[in-house]
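Hello,

Here is the structure I promised to pass on. My notes on it follow below.

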Amino acid sequence: MELWGRITGISGHRVTLSVESLEELASLSLYTTVEQPEAVLQISDDRHISPVQRKKAYAIMGEMANYFGYFPDEMKEWMKYFFEAETGHEYFSFATVDMTTAREFITFLLEYALRHHVPMSKSALEYQDDLKAYMYQSLKYRSCVICGKHADVHHVDAIGMGNNRNLVDHRGRELIALCREHHGLAHNMGWPSFSAEYHVVGVTLKPEDLIRLGIMTKKRMEELDHDK
């Protein structure tokens with residue numbers, strides 16, 4: 001759960017947070033019975049959007065406008081509307097928006113582009129600050145991390161010829177989404193060279209994420225555990 005409030009005191013390792021809603025604080029017992037539960041305190045970045053962030057956002061929306069057939073200003077307003085509807089953020093202006101909201105908006109734009117397989121003139125890797133988050137989103141939408149085309153799941157540690165991928169235990173394996181062209185290139189170059197050339201990494205997914213993304217089924221996991 002999230003508790004909203006303000007930091008009202010800092011003394012050594014102790015941080016005091018005064019929450020805005022007593023009702024939210026009262027509901028804490030529904031989530032945990034621990035007297036002092038672990039928590040992460042996220043601080044909003046009130047600095048204004050950087051020129052680099054603004055350039056990235058407009059470049060991505062420009063790619064979208066070309067693909068969907070909108071004027072750039074129309075695309076910008078549509079994406080800001082979708083962002084507000086999905087995240088609950090208030091309407092913002094690029095003239096005054098803070099860096100945190102700008103970063104979240106860029107991540108939202110890239111995920112939207114992956115979801116709809118929007119072709120990009122540049123790799124989306126040039127726009128995303130969180131590499132592993134982008135790798136995960138690419139697997140989720142089966143979108144090539146290099147070019148944005150429809151992708152298959154590529155195993156960094158190759159399974160080998162003749163093995164049925166549906167029967168392989170994907171837990172603990174490094175995965176990446178690549179189209180057929182870049183999948184073949186990765187095999188030909190070898191993973192270390194391919195990874196260094198395109199600045200990509202494989203990600204290891206949790207069992208629940210493997211199920212959520214349709215890479216493995218719970219039944220198959222149970223069968224493999226039973227065999228072991």
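Rings of Phe, Tyr and Trp pair if their centres lie within 6.5 Å. Please keep in mind that this is a predicted model.

On that basis, the structure holds 16 aromatic pairs. One of them is Trp78 with Tyr81, an edge-to-face pair with 6.2 Å centre to centre and 80° between the planes. Both residues sit in helix α3 (residues 72–87), three residues apart, which means about one helical turn separates them. Trp78 is partly exposed at 40% relative accessibility. Tyr81 is partly exposed too, at 48%.

Phe194 and Tyr198 make a tilted pair: their ring centres are 4.9 Å apart, with the planes at 45°. They lie four residues apart in helix α7 (residues 191–198), again about one helical turn. Phe194 is buried at 0% relative accessibility, whereas Tyr198 is partly exposed at 27%.

Ring pairs also build a cluster, whose members include Tyr58, Tyr67, Phe68, Trp78, Tyr81 and Phe92. Over the face of Phe92 lies Lys80, 5.2 Å from the ring centre.

Next, the surface. Ile7, Ile10, Val15, Leu17 and Leu41 form a nonpolar patch there, with about 440 Å² of accessible area together. β1 (5–11) and β2 (14–19) are the elements that give two or more residues to the patch. Leu41 sits in the loop between α1 (22–26) and α2 (51–68). Its relative accessible area is 47%, so Leu41 counts as partly exposed.

Last, the domains. The chain divides into domain 1 (1–43), domain 2 (51–124) and domain 3 (136–227). The centres of domain 1 and domain 2, taken over C-alpha atoms, are 32 Å apart.

Best wishes

Notes:
Residues numbered from 1 in each chain as written. Predicted model: local features only at pLDDT ≥ 70, side-chain atom pairs only at ≥ 80, totals over all residues. Heavy atoms only, no water. Patch = residues over 30% accessible without salt bridge, like charges linked within 9 Å, V, L, I, M, F, W, Y side chains within 5 Å. Areas by Shrake-Rupley, 256 points an atom, 1.4 Å probe, with all protein chains shown as cover. Salt bridge = Lys/Arg side-chain N within 4 Å of Asp/Glu carboxyl O. Buried < 20%, exposed > 50% of the residue type's maximum accessible area, 1.4 Å probe, protein only. Domains from an automatic or database assignment. Phe/Tyr/Trp six-rings, centres within 6.5 Å; stacked < 30°, edge-to-face > 60°. Lys NZ or Arg CZ within 6 Å of the ring centre and 35° of its normal.
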